[in-house]
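Here is a short briefing for a reader new to this structure. Please look over the sequence and the model before reading on.

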Amino acid sequence: MMLSVVLTVIINYGLFGQTKLPLELKGKITSNIGDQIEGATVMLFSIDSVLQRTAISNLQGDYAIANINPGQYRLQVTHVSYSAIQTTINLDSTKVNFSIVLKSTGENHVLNEVNIKAKKPFIEKKLNKIVLNVSESIIASNDNLLDILQKAPSVMLTPDNKIAIGGRPGALVLIDGRETRLSAGELTNMLQNLPSANIDRVEIITTPPAKYEASGSAGIINIITKKDKTLGFNSNLTSGISYGENLKYNASFSGNYRFKRFLLFGSYDYSNNKNIYRPDQIRTFDENSNKQIVFDQRGEILSHSKNNYFKVGADFTIDSNNVVGFIFNGYNNRSTGNGLNTTLIGRTTTVIDSSIIARSNTQNHSENNSYNINYTSLLLKKVNLSANFDYSNYLGDVNSFIDNNFIGSLTSPYKISNQLPIKINIKSAKLDLTIPVNKILTLETGLKLSSTKTDNDFVFSSDAGYQPNQLIVDSSRTNHFIYDERINAYYATGKGTLGKVEYELGLRAEQTISKANSLTSNSVVDRNYLNFFPTISFSYNLLKKGRTEVSYSKRIDRPLYSDLNPFIIFYNQYSFEQGNPYLKPSISNSFQLSQTINDKLFLSLGYTHTVDIPSVIYRKTADSEATMVTTENISSLKNYSFSMSYPVISSKTLNSRVNANIYYNKFAAVEPATSANSKLTFTLNSSTQMNIYKGLQGEINVMYMSPSAYGIIITEPIFSLNLGFRKSIGNNLNLGLSATDIFNTVKTAGRIYNQNVQIYIHQKAETRQVKLTLAYKLGKKTVKMSRPKGTGVDEEKRRVKIGN
């Protein structure tokens, strides 16, 4: 109701108000052979070359720039497949129609003597988001996706492999606007195995509009892959090899073929990685004032993964207003892990009573196939319609075997087996409309219906009480779990410009209907809830060369499907893991004030309050000395943040930018047994680029993060130094060499105080590596852009977990 009133006032103000309408520049962009060009960038500069406004041409080649003061301007139009155009234009009437023809040759096409050269910076600040132009960073262009994210301002990886923004957990990661629907572990594994050669940019959206899924309490990270924009056949070939303690290599191919109304596109990424992972942990149980038990655990896991990611699709342009498309994408991954874990048990770390030596072997196979049919249309020459229909299925099979041998104890060897097959099916239908109402208001509205079903049949076997090496299924620890969920969503957004104020007001409603059914224990948890998620943002040129933004958003984080499964995974009689079907979604409310000064200095001040935060909990069982690991809604979070980004050096040969963040996390426990944590944290990320000699470039990246609070964990500081070089050979070949974490200082370490359990965690991955990459481009350099390839099952995919 409030949104309707606000929009009515805006419409009436725009239609009947007495304020003078601003000037508007619009037109059509076509090629010299008559094709309408989508995705051309139109930039309007003041006469002294200060950027004033930008626009992107749509599917029909149309562009429009509103809210312009009369006067003389410099206009630049660019497209990666065409020669740029620069000209001077005078605006002195209410509407100015200026159509543009771009040449598809490699020659420069200049209408007059004005020559404007614009190079994208590595970091750009736009309304409600920060953009990382990956190709502008030498180190980032050699990295994988996970490395890139950790170099982004305010972005960090939490101890349980979740991605946080500004110290707030729960960032939603999209790839081309599509959610991955993977668990934290699966997501980091995928990001580690995808090279950056095919990445165009990364968008960090702190207050996402209502058209996005409401998931992601910390905001959205959208990874945009490169889209070839040319006629004929075009492709990119990339290969890389790296070494830390083990050899890793990858190769990727992406390409498209465009012929008249048809566009065929596809990509394939392969990686073959060996990694060492060392999870160490010291658990101390204080049973009373005179007695404690210490478990000193030291482990090493050697994993070997072979990963295959693919995407193929086609677009057919029916006419100038209608396009239909199809996408088929997915992955097929296999991995093995062999681990050796030694646990020393005693009164202290030096007084040992007994020990456990555990050898483990894990086989993991996961695959996904997703199908999408999409349709876009321009109705009544101004209303944009987009429809997506999706089906996605996941199959996973995780088999682990653990052989526990006890030393200094009468306990017999203990062999256990965990088998976890999983099936997940996701269906969705999504419809979006964009309706220009008048010069100051554009309406966006849409709906989405989705249905998800997961089927987990967990089987636990052991030789306890039986003959050695004779594994028998334990029905008391075996569980068959089925989870059904339906989400019905609708949103409406009004956005536009009022005078010097750019605004966006939105409201999204999501109804969630779920049923968690444990067939083995005959336990059912039903839920049916409706949430409303408003988004508000205003932007104003308070300074002559700066922009002020104020925004608010409400968001939700629903539990991962696997976290709702109450099955128990046993490692030995001292350690096991269990799901929780009673997990609730967490709700967050975020406020942000940001300021841009001279298009260089970015300042941001934020506050977020989140309730029912899920966190990994370590509990000592009542009748034994075992530790149970589970996930519970344990606390609320108040997050206060300040961030700054500034280019301290900017010249033709040297560019350096510093990103600094300060945030204060205060976790309030909701139960006496859980610790309340708070911490003031400082992060620094500095990147310096150098033009060394004839196409040879270098980059140095430094990152530091002081101790931070995350749930029940206080983490230790992190520091890394990275170095990279890139050499361009001709127009098509690029060679890259980089060294990451040169001092081998990156690790995940921290302390937990929970109930009468104290835990010190130290986890070390293979972060120090030398990487060599080669990238080669084939094909033509002219003409059209393919459409963004988002689908409708993005949110559901994020919550899928297959494997560890």
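The points below cover strand pairing, aromatic rings and charges over rings. The model is predicted.

**Strand pairing**
- Strand β26 spans residues 441–462 and strand β28 spans residues 479–498. They pair in the antiparallel sense over 17 bridges.
- In this pairing, K448 stands opposite A489 of β28.
- β28 also pairs with strand β29 (residues 501–518), again in the antiparallel sense, over 18 bridges.
- Here A492 stands opposite L507 of β29.
- β28 and β29 form a hairpin, with 2 residues between them. In the turn, G499 has a positive phi of about 60 degrees.

**Aromatic rings**
- The count of aromatic pairs comes to 9.
- One of them is F328 with Y371, a stacked pair. The centres are 4.9 Å apart, with 15 degrees between the planes.
- This pair links distant parts of the chain. F328 lies in strand β22 (residues 322–346) and Y371 in strand β23 (residues 352–379), 43 residues apart.
- F328 is partly exposed, at 22% relative accessible area. Y371 is partly exposed too, at 35%.
- Y371 also stacks with Y391: 6.4 Å centre to centre, 20 degrees between the planes.
- Y391 sits in strand β24 (residues 383–407), 20 residues from Y371. Y391 is partly exposed, with a relative accessible area of 30%.
- Ring pairs join F310, F328, Y371 and Y391 into a cluster.

**Charges over rings**
- R283 lies over the face of F295, 5.0 Å from the ring centre.
- K554 lies over the face of F533, at 6.0 Å from the ring centre.

Methods. Residues are numbered from 1 along each chain as its sequence is written. This is a predicted model: local features need pLDDT of at least 70, side-chain atom pairs count only at pLDDT 80 or more; totals for chains, interfaces and linings use all residues. Side-chain values use heavy atoms; hydrogens and water are left out. Two strands pair if DSSP finds at least two bridges between them. Helices (H or I, at least four residues) and strands (E, at least two) are DSSP runs, numbered from the N terminus. Rings of Phe, Tyr and Trp (its six-membered ring) pair if their centres lie within 6.5 Å; planes under 30 degrees apart count as stacked, over 60 as edge-to-face and the rest as tilted. Buried means under 20% relative accessible area, exposed over 50%, partly exposed in between (1.4 Å probe, protein chains only). A charge sits over a ring if NZ of Lys or CZ of Arg is within 6 Å of the ring centre and within 35 degrees of the ring normal.
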